[in-house]
Amino acid sequence: MRLGIGIRLLSLLPAIALLATACSSGGNTPTSSSAKVVRVLAVAGPETDALIKYAPEFEKSTGITASIEQVARPLWGQRKVRELIENAGLYDVVMTGGGDDNLWVKYKAHVKDLSKLLPAADVDQLILKDKFTYNGKLVGIPQYYNFPMLFYRKDLFNNPTEQANFKAKYGHDLAPPTSYDEMYQQAEFFNRPPNLYGFFIGGVDWSVYLDDTYFVYGLGGNYGDPTSNQLTLNSPQQKQAMNWLVKFSKFNPPGWQTENFFDGDQLVQNGKVAMYQNWFYIWKTFQQKMPDKIGMAPLAGKGAHLGAFVATIPDAAPEPDNGAKFIQWMMGATYQKEQAIETGDLPIRKDVLQDPDVRKALVGIEQFEKVLPNLQYNQTTWVGELSAGVSEAIAKALKGDLSPDAACDWLQNQKFSGRKAIE
Amino acid sequence: MIAFSRAEQISRVVRASLLALAAVAIVIPVVWMAIGSVKTETELFASPLALPAAPAWANYGSLFQQFHFGIATLNSVEISLGVVAISVVLGGMAAYGFSRYPFMGSRIVLSGLLITRMVTPAALVVPLYLLMNSLGLLNNVVSITLGVAVLNLPLVVWILRPFFDALPREIEEAGLLDGLSPFGVFWRVAVPLAAPGLVTVALLSFIAGWTDLLFPISFSTTPDATPLTSQLLQMQTGYKIYWGSLMAGSIYLTLPTLVVSFALQKYLVRGMRLGY
Amino acid sequence: MSFKRQVRGSRSRGPAAGLLTWNRRVQLTGLVLTLPALAFAFAFMVYPVANVVFLSFHQYSPLRSADTTYAGLSNYTWLASSDIVAHSIWVTIVFTAVSVAIEMAAGLALAALLAKLVVESRHAFGRILSRVLLSSFILPFATPAVAGAIAWKMLLHPQFGPVDAILRTDIAWFSQFPLASVIAADAWKTMPFVLFLLFAAILSIEPDQYEAARLDGANGWQEFRYLTLPSIVPVLAVVAAFRAVDAFTKIFDIVFVTTGGGPGNDTQVFPLLIWRTAFDFLNFGQASALAVVAVLVSAALGASLLAIRRISPA
């Protein structure tokens, strides 16, 4: 009896001790940092590869060692939060996602105002600076610009017989589409199973969500409205987008449900698919391997999904000045030119965009410039969870469990009922 | 001794063949991965079933150059040894206490032990993450060690108690009468006698620490605190999978537990049996 | 205080048996010996579980803010009405049922065959063969779950996996048959447990019974069905129960490495759902509610296991 109580009392002691330590210590001990290192948190990808490749130039000119850590995408989300909200203080520069994280970085993240840390001359050269400014605070600098374009079988489109047949059937010329109706007609026209399919949409959740964004932004819609703080998941544009998604999926080659856009790249190269939408990273490959077969055009529609890694400096950065120097180099004309030629992505600087070498290397740059002013990003602060839900709705619509309109309503009124754009 | 009839001979051969087939099927995944780990990526995609032309040891080299496997190995070793230390010392003492010095309520605690073995690790990791965060132990192998150890402890006590139960009391009582303290008896008499059991739990604890994935991915995000298991997952970047390195890394991760398990097979099997 | 009434039954074991007057000392010594482990368990298991119960009535989402706000029962109402949670529990149940069934069947069959081999082997060859077989059957246990999952991922890869190469198909098994593939990998990993336990149980059947059966003219199959099987039913029950609880609560690594819960939510088992809610969606309030449910389920299952063990002494 007495001992029974004794056990319980004694076992409370360690817990009390731990509680005491928990209350007194608080947060992490800062990692010992020499003034000569900049710690960068980046995501695995070709753009980070380019950053790492040219980092020695930064190191030589500043004398600061660049420690660039490539993290796997699935783990990136948690790390961003730890650095930018929980102020873990492990990195000087944290790369965020331009298309998904922008609103969250603006409203929620604890980041420094880069306009105060970077030379005005560089900042002025930044294309689309407004997209990264919130209440006068410059929250991040993009490393590059990438966005989806339409890729189509140029050889088929330029074939006189095809052109004649198309004109006869649809009443207007065969040319890169300027509307989704035209795109649909063309996909339908070229849908000739089993050797050729009209379109490709990767069915894997993260890939199909991207295709959804192409349609949604293209139709002028978005997933949330920051001014009213409402979600806009069943707006007319969303419903139209969902309908288009389902319609175009009918022209997909078999097996598309478990494929992603990387597979689409292969299918187009193998001549199985007539047209598809994808990030324009693939343009370089098409150019090198089959310049006569595949053409590129802006997406039919008003807006395009902004793709970029955006460099931010956390409030808790141990060496923010080193971070600023790193970003200054990253957005500098020299690196931007090297990166553009190396990766085929667009530079972020106005002057580099006009550089003749860059314009020569980036074939079709005029097309890119048409799209550049219309780049869009997700207008909610919780895209991870949101995109998973959107993929779920898309799956329902694609399988036929719900009509596309009903799927959008389900998303807005049931799945995410009560949720806000900014949380 | 009854001789086997013809029919029985045939059945014997059939049985042995079935077993051999099963054994081959069971080792195939690992064997095939070992073969794949020395193929280049082109060979891998081009000829899945063929042996490599020349072993691509570069895959193993990449582990250390690109994927921080040097530090990760050190971390894994630290975690495993830490789990062994905590489990054997705390678990050993507790098992001996339950066995020889049952106190009021120890039966309840033992039953509680069985129940804690059934705790979903993923459920425990959520509050432990917050606790470790407040203690400042995230991104530190200590937090991983503590997490793995606390889930391992019930099993250790569970297995060790029968070992201590089975020891002859006369020797212990002789020790006590000789003037040894109970702790002295534990240390000098019981522990040496129960050495096989301690080896078993040390082995199981090592395996637990070496192979755990849940705690590393939840507690550690920086390379200098990441052990092999979660470092391996970094090769699935979401943009590209480094298949060669992934396979090589898996084999590298597997070899220590494999070697140790085969060498101490007896203890391992005993551990499996006693765990239930 | 009278200790006499405590000196009974279990108290007659141990040094206390011969040294009655030291009963109090016995209890204190027991306490000292077990205290470190108990304190450790309390600090890192009991206290956190209490904490998670507390947190389940609050909202804490670092993605939104660093504050913890009171939320009443909202996390639980979410849990009760959420499709995803119900689906996850269902997936986990299906997984458990099928995986355990396969492990038990395969483990039993192999254990029986192996036992027969060992019992009947008269030459060195038989003994060596059984040693080799036993060593190879240990392999899945000795392979870390992560490595095993990766091995299966490669085995079932549509482009370079031997399964598809031999069948001449290009089925992406983990995408098209996700749950089946996960079950296969898990059954492979855990079958050795069942095998070794049943092997020991079968070997502990007295040889005389086999002789008697043989004299009665029973063949291998009859021997198995009427002698071996009935004798090990208690062990079978306990092992199956343990495996089921383990499968339900501990399935994580394989799914995380191979399918990540997908495609969609097809393989989102309950432990993975808890982890994702906490670490992907960063909603610790909801994750805590899920964790509480998991702990309650574990407690219930653990208690039933205790009961089963008492009924069928293994």
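Visitor: How do strand 6 and strand 13 of chain A pair?
Guide: They pair in the antiparallel sense, over two bridges; strand 13 covers residues 309-312. Note that this is a predicted model.

Visitor: What stands opposite A:Ile141?
Guide: A:Ala311, in strand 13 of chain A.

Visitor: And the sheet, what is the strand order?
Guide: The order is 2-1-3-13-6 in chain A, an open sheet of five strands with mixed pairing.

Visitor: Which are the edge strands?
Guide: Strand 2 (65-71) and strand 6 (141-142) of chain A, each of which pairs on one side only.

Visitor: Which strands does helix 3 of chain A touch?
Guide: Helix 3 (residues 73-84) of chain A packs on the sheet and touches strand 1 (37-43), strand 2, strand 3 (93-97) and strand 13 of chain A. Its direction makes about 125 degrees with that of strand 3 of chain A.

Visitor: Where does helix 13 of chain A lie?
Guide: Helix 13 (residues 320-330) lies across strands 1, 2, 3, 6 and 13 of chain A, and runs at about 55 degrees to strand 1 of chain A.

Visitor: Changing topic. How much area is buried between chain C and chain B?
Guide: About 9300 Å², with carbon and sulfur atoms giving 79% of it. In residues, 103 of chain C are in contact with 97 of chain B.

Note on methods:
Residues numbered from 1 in each chain as written. Chains lettered and ligands numbered in written order. Predicted model: local features only at pLDDT ≥ 70, side-chain atom pairs only at ≥ 80, totals over all residues. Heavy atoms only, no water. Contact = heavy atoms within 4.5 Å. Buried area = accessible area lost by both parts, 1.4 Å probe. Pairing = 2+ DSSP bridges. Helix = DSSP H or I, 4+ residues; strand = E, 2+ residues; numbered from the N terminus. Axes fitted to C-alpha atoms, helices over the stretch in contact; angles between N-to-C directions.
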